[in-house]
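Have the sequence and the 3D view ready as you read.

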Amino acid sequence: MHNFLFYRPDTLYAGETFYQHFGMPWLHYIDVMVFVLVSSVLMALAVNRLVFGNRAIFILSKEGRALRAAEV
């Protein structure tokens, strides 16, 4: 049973997806997963910064390499 927020098959018209009602029949629920992934990562980074006061650094950046070298 599909009860996802972005993908709900319409019971009135078999085979029709939730997006067809918005004029986007080409959009599949797996395409929306890219949006979900990006928005989840951005939200996690925002919560990390605003709630916990930490700053995430990309480990392959110059600052990240310096941090790893200092830990050793």
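A salt bridge is a side-chain nitrogen of Lys or Arg within 4 Å of a carboxyl oxygen of Asp or Glu. By that rule, the structure holds one salt bridge. Its partners are Glu63 and Arg55, whose closest N and O atoms are 3.0 Å apart.

Keep in mind that this is a predicted model, where local features need pLDDT of at least 70, side-chain atom pairs count only at pLDDT 80 or more, and totals for chains, interfaces and linings use all residues. Residues are numbered from 1 along each chain as its sequence is written, and side-chain values use heavy atoms, with hydrogens and water left out.

How open are two of the residues? Buried means under 20% relative accessible area, exposed over 50%, and partly exposed in between (1.4 Å probe, protein chains only).

| Residue | Relative accessibility | Class |
|---|---|---|
| Leu42 | 53% | exposed |
| Glu63 | 40% | partly exposed |

Across the protein, buried residues make up 11% of the 72 residues.

Leu42 sits in helix α1, residues 29-50. The protein has two helices and zero strands; helices (H or I, at least four residues) and strands (E, at least two) are DSSP runs, numbered from the N terminus.
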